[in-house]
Amino acid sequence: MSHARHRAEFEPRELSAILARYDLGAVHTVDRHLRGSRRSPKVIVVTDKGRFLLKRRAPGRDQTMRVAFSHDVQQFLAGHRFPMPRLIALKDGS
C-alpha cells in the first residue's frame, strides 16, 4: 500500500488509555470508522452508555487553539439544540 493511501489508526495501547479517561461504561465493541480523512483515525465505540465516535485530529489540524475553537462552536450549537453529536467530558470534568 502506498504511503498516500495509508489510513491512520489508533494503536491498541493508545485507544485503551484514551477510553480510560471517559466514563463510558463497559466497552462492548470498537470498530474502525472508515469515513472522512484518512489522516484522522476514527472508531465507533459501543458501551453500556451508548454509541460513541472517537477520533484523533489529523496532524496540522490538532493545534490547541484550533481544537478549542471547534469545541466552542460545537458547544454553542448544542446549546441551541442544533442536531449534532455532543462532546463528552473527561472523567475529571474537562
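Where is the place of S40? S40 sits in the loop between β1 (27–32) and β2, where helices (H or I, at least four residues) and strands (E, at least two) are DSSP runs numbered from the N terminus.

## Basis of the model

This is a predicted model, in which local features need pLDDT of at least 70 and side-chain atom pairs count only at pLDDT 80 or more, while totals for chains, interfaces and linings use all residues. Residues are numbered from 1 along each chain as its sequence is written, and side-chain values use heavy atoms, with hydrogens and water left out.

## Overall architecture

The chain has two helices and three strands, and from the N terminus on these elements run in the order α-β-β-β-α. Taken along the principal axes, the C-alpha atoms fill a box of roughly 45 × 30 × 25 Å.

Of the 94 residues, 21% count as buried, a term that stands for under 20% relative accessible area, with exposed meaning over 50% and partly exposed in between (1.4 Å probe, protein chains only). Among the contacts (heavy atoms within 4.5 Å) with a separation of 6 or more, 38% join residues 24 or more positions apart. The accessible surface comes to about 7400 Å², of which 55% belongs to carbon and sulfur atoms, as computed by the Shrake-Rupley method with a 1.4 Å probe.

## The largest nonpolar core

The largest nonpolar core consists of eight residues, F10, L15, L19, L24, V43, V45, F52 and L54; such a core is a set of buried Ala, Val, Leu, Ile, Met, Phe, Trp, Tyr and Cys residues joined through side-chain atoms within 4.5 Å. The elements giving two or more residues to this core are α1 (12–19), β2 (42–47) and β3 (50–55).

Leaving aside neighbours within four places in sequence, L19 is in contact with L24, V27, V30, V45 and L54.

A polar atom of the R7 side chain does lie 3.1 Å from the backbone oxygen of L34, and, beyond neighbours within four places in sequence, R7 is in contact with L34, R35, G36, S37 and R38.

S40 counts as buried because its relative accessibility is 6%. A polar atom of the S40 side chain lies 2.4 Å from the backbone oxygen of R56, and, not counting residues up to four places away in sequence, S40 touches A8, K55, R56, R57 and A58.

Note on methods:
Polar contact = N/O pair within 3.5 Å; in protein donor to acceptor, adjacent residues only side chain to side chain.
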